[in-house]
Amino acid sequence: MSVEKGRVVIEGIGLSKSYGPITALDNVDIEIRAGEITALVGDNGAGKSTLIKILAGAVTPDAGEVRVNGETVVLRTPADARDLGIETIFQDLALAPDRDVVTNLFLGREVLRKGLAGKIGMLDRGEMEAQALTQIDALGVNIPRSTGVSIGEMSGGQQQSVAVARGAFWAKTGMFMDEPTAALGVRESSRVLQLARQIAGSGVAVVLISHILPHVMELADRVVVLRHGQKVAELTEDISMDRLVTLIVGVDAHEAAT
Amino acid sequence: MAIVAIGIAMTMVSPFFFQAGNFLNVARAVAITGIVAAVSTPMLISGNVDLSVAATMGLSGMTAGALLVQELPVPVAILGALVVGLLMGFVNGVIVVKFRVNSLIATIGTAFIARGVAFVINSGRSVFIPAESYVNLGQGSALGIPKPVFYTVVAFAVIGFVMRYTKVGAHIYAVGSSPEAARRAGISVPKITWGVFLASGFFSALAGVVLTSQAGSAFPYGGQGRELEIIAAVIVGGTALTGGRGSITGTILGVVLLGIIANSLNLMGLPAPYQDISRGLLLVGAVATDQLSGRTLGGRGVFRGLRAGTEEA
């Protein structure tokens, strides 16, 4: 499962996407590497979400191609990306609030019993519970271990931890996090980001979209800056606040201030 | 707890209450409502509601009656009734899934249509059913249990199994809890929605067959007014009208509780309108208690104590 750190596992080549007269993404190349956290930054409308959605199969590009592990792939739906081990964690929680952790972890990918019972669609609840608890313990996330507690009864941070745990459970290749901390407090945010680090550490390529530049600087191994749908920079070192702001807005922040 | 309390109160009021025969009376009285309440549970859990169930009962019953009068074989008549039920479910599914009409509105519409057609079939007259083997389906007992009660038990068992132990059941809960989360998880919300409407039509038609065989004739107004009684039973049983929560166990309790109350009032010699009054009070009281206890419906509230024992077993 774990590939060597730094190997390119997901590639976008010449990706473009327009919505009517608006160009959301203009000929963007991107390489996403195993074991790294790649941050995507840019102003609103810079094309971050469009880029992520193309790589996750939620949006079809007008031009360009996507490669996963070196092979060209056509991602028609998010299910296609999931089959390749690419998971997306959304800012608004994609969980069923009335269901418990186990059910949510396996939502849409339930484990069935063996033999005839499985053929008629019987769930293997015991197996799912065991796997879910193993995953929760492995990630060390602070969510109730008892089954039967519905997600809706948990705090926002715990809910997002469940979403991240689910992503990590299924992500073999890449995990995309679109503003994963937007709805969270400081402590809860840092816990979720810590999880992102841990998941990258296991060899998964993590992509983080965030407006919160201190988070980006603290976590990212590589920062890709988008502006008006184009890639304007890719940084791996000397990532400073000033430099990022300058690249994001397109003028020198100091000059602009004076 | 509620059932036990009412049981004790009733024994004090009427010594007939605690006789085995009376329990069968209660079961027989709620049997047909129970079949439809069983299927209405996944319907509500999926976040939809089907108000055309009673009209489907009437229409499918009339269909069976009309086919029998033409001297067609009994299996053909039953098949015809079930096909009508599935057709109702299919049409409701089209309106809700394809045209994105709220299920409440859609099924009020189709209920009017189905009821109208049920009256048109024999110009508003009821149909006397000549086939004895058809009538036998709904009368008498099997294994000491009145046949309609037997069908109801089967309906509850099948639907309860699906909801609790299968992937389809898990998906129905997920769709009702958050359609968006279900969609993103790769669950087909249209398929699940269509599925529950087809099941609703099928079981409503089955209830229509049982109703007409029990009565020995088919009435165009068969089942009229039962839709609200059925939904009341499901809601009293703790299923959320907003979807995502509820259980067959709860619905069984709801159906039985409403049945016991009706029976008790009967034994006390109070006329039928008092049953409606008590039904209404129970429904409002149950939901209000759930709200006050800081919870929305489902799993908690009035039946918390009752279900704690049954669900964890």
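Visitor: Why does Pro214(A) count as exposed?

Guide: In this predicted model, Pro214(A) has 9 C-beta neighbours inside 10 Å. A residue is exposed if that number is 12 or fewer, so Pro214(A) counts as exposed.

Visitor: Where is Pro214(A) found?

Guide: Pro214(A) is part of helix α8 of chain A, which covers residues 213-219.

Visitor: How much of chain A counts as buried?

Guide: Of its 258 residues, 45% do. To be buried, a residue needs 20 or more other C-beta atoms within 10 Å of its own.

Visitor: Which helices and strands does chain A have, by number?

Guide: There are 10 helices and 10 strands in chain A.

Visitor: Why is α3(B) called roughly parallel to α5(B)?

Guide: Helix α3 (residues 53-69) and helix α5 (residues 103-121) of chain B pack at an angle of about 25 degrees, and their axes are 8 Å apart. Angles under 35 degrees count as roughly parallel, so α3(B) is roughly parallel to α5(B). The crossing of α3(B) and α5(B) is left-handed.

Visitor: Which residues meet where α3(B) packs on α5(B)?

Guide: From α3(B) come Ala55(B), Thr56(B), Gly58(B), Leu59(B), Met62(B) and Ala66(B). They meet Ala111(B), Ala114(B), Arg115(B), Val117(B), Ala118(B) and Ile121(B) in α5(B). By class, this contact has nine nonpolar, two polar and one charged residues.

Visitor: How many residues of chain B are in contact with chain A?

Guide: On chain B, 18 residues are in contact with 17 residues of chain A. The elements of chain B that give two or more residues to this side are α8 (167-177) and α9 (179-184). With six residues, α8(B) gives the most. The side of chain B that touches chain A divides into nine nonpolar, five polar and four charged residues.

Note on methods. Residues numbered from 1 in each chain as written. Chains lettered and ligands numbered in written order. Predicted model: local features only at pLDDT ≥ 70, side-chain atom pairs only at ≥ 80, totals over all residues. Contact = placed C-beta atoms within 7 Å. Helix = DSSP H or I, 4+ residues; strand = E, 2+ residues; numbered from the N terminus. Nonpolar A, V, L, I, M, F, W, Y, C, P; charged D, E, K, R; others polar. Axes fitted to C-alpha atoms, helices over the stretch in contact; angles between N-to-C directions. Parallel < 35°, antiparallel > 145°, perpendicular 65-115°, else oblique. Left-handed = near helix turned anticlockwise from the far one by under 90°.
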